[in-house]
Amino acid sequence: MKKYQIVLFSFCLLLAACTASKRLKPPAANGPVAVKVMSYNIHHANPPSQPGVINLDTIAAIIREQSPDFVALQEVDVCTKRSGATIDQAAYLGQKTGMQAYFARAIDYEGGYYGVAVLSKHPIKSAETIALPIEEGSKAEPRVVAKTVVVLPNGEEIIFGSTHLDHRKNSPSRLLQVKEINRIFQAETKPVILAGDFNDTPESETMQLLQQVFNKSCSQCPFTIPQVAPNRTIDFILFSSNWQASGHQVLNESFASDHLPVVATLQKK
C-alpha cells in the first residue's frame, strides 16, 4: 500500500510540474501581434496659438489618451533656451506617459539639442541615431532617423523608427534621404515600422520612392497639416511587408501643435 502511495504521489508531482511548465512557457515569437502606433510632430510643445509657451503636459495627455505601443516624435527640444535649459522633452514625455524614450539629435540649438525621438511601451533593446544625407554644398538642416530595436511581449524583436525629412520644396536632399532610408531598412531581417514627418504628400516622388520598400497605413490619407483647416498630408506611418494596417486615423487635436497626430493599428502577418 505504501509503495502504491509513493508511486501515486510521484505521478502527481510530475503532472503538476508539466502543467506549470506549459503555463510558464512564453508564447511563440512568431505568434500574431498587433501594435498601436502614433506619429506626432509636436512643434517643440509650443501651441501655435500661444507664442513662447511650452506645454508638454498637453502633449503627454494626448499620448496617454491613445495608449499607443510606440510613438514617433518630431521637433523635439532637449535643454534648449526656448524650451527650458534643464528640460529634456523626450525624457519628460517618457516619464509622463510611462514609456521608454530615446532621443536622436539632429542639430545643436540654443545651448541644447533638437531632433526626433521614440517612445516605446516595450523594452528598447538598442538604439542608434542615423544621419541622413544632404546634397553637396547645401546649407540644409541636418536630418536623422531614430532607430530602435524593441522587444515585444511575445519575445519578438522589431525595429521602430522616427524621422523628419528636409522641409524645402522640391528638395534634392529629401530624395537623397529617402534613398538612404530605403537602403538601410531594406536590408533588415526584423519587421520594421517607420513613422514621421516626411514633408511631402502621398503622390510625391518622395513617397513613391519610399513605397518601393514600405507600405503605408492609409490609402486615402487624411490631411495632417496645418492644425486648423488642414489641407495636405505629410505625416505617415510606414511598415515593412511583415505587417498590415487594420486602422488609420488623424486625431482632431488643433491646440497642441501645428501638426495633427496620426494613429494606426498594425497587425503582424
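Select Thr148 and Phe160: a polar atom of the Thr148 side chain lies 2.8 Å from the backbone oxygen of Phe160. A polar contact is a pair of N or O atoms within 3.5 Å; within protein, one must be able to donate a hydrogen and the other to accept it, and residues adjacent in sequence count only if both atoms are side-chain atoms. This is a predicted model, in which local features need pLDDT of at least 70 and side-chain atom pairs count only at pLDDT 80 or more, while totals for chains, interfaces and linings use all residues. Residues are numbered from 1 along each chain as its sequence is written, and side-chain values use heavy atoms, leaving out hydrogens and water.

Stay on Thr148, which is found in strand β6 (residues 143-151); strands are DSSP runs of E, at least two residues, and helices are runs of H or I, at least four, numbered from the N terminus. Is Thr148 buried or exposed? Thr148 is buried, with a relative accessible area of 0% (buried means under 20%, exposed over 50%, partly exposed in between, with a 1.4 Å probe and protein chains only). Among the residues that Thr148 touches are Tyr102, Val118 and Ile158 (contact means heavy atoms within 4.5 Å).

Next, select the open sheet of 6 strands, ordered β3-β4-β2-β1-β12-β11 with mixed pairing; two strands pair if DSSP finds at least two bridges between them. β3 (100-109) and β11 (243-250) stand at the edges, each with a single partner strand, so one side of each has no neighbour in the sheet.

Now pick β1 (residues 34-41) and β2 (residues 70-78), which pair in the parallel sense over 5 bridges. Asn41 stands opposite Gln74 in β2.

Terms used. Lists of a residue's contacts leave out its neighbours within four places in sequence.
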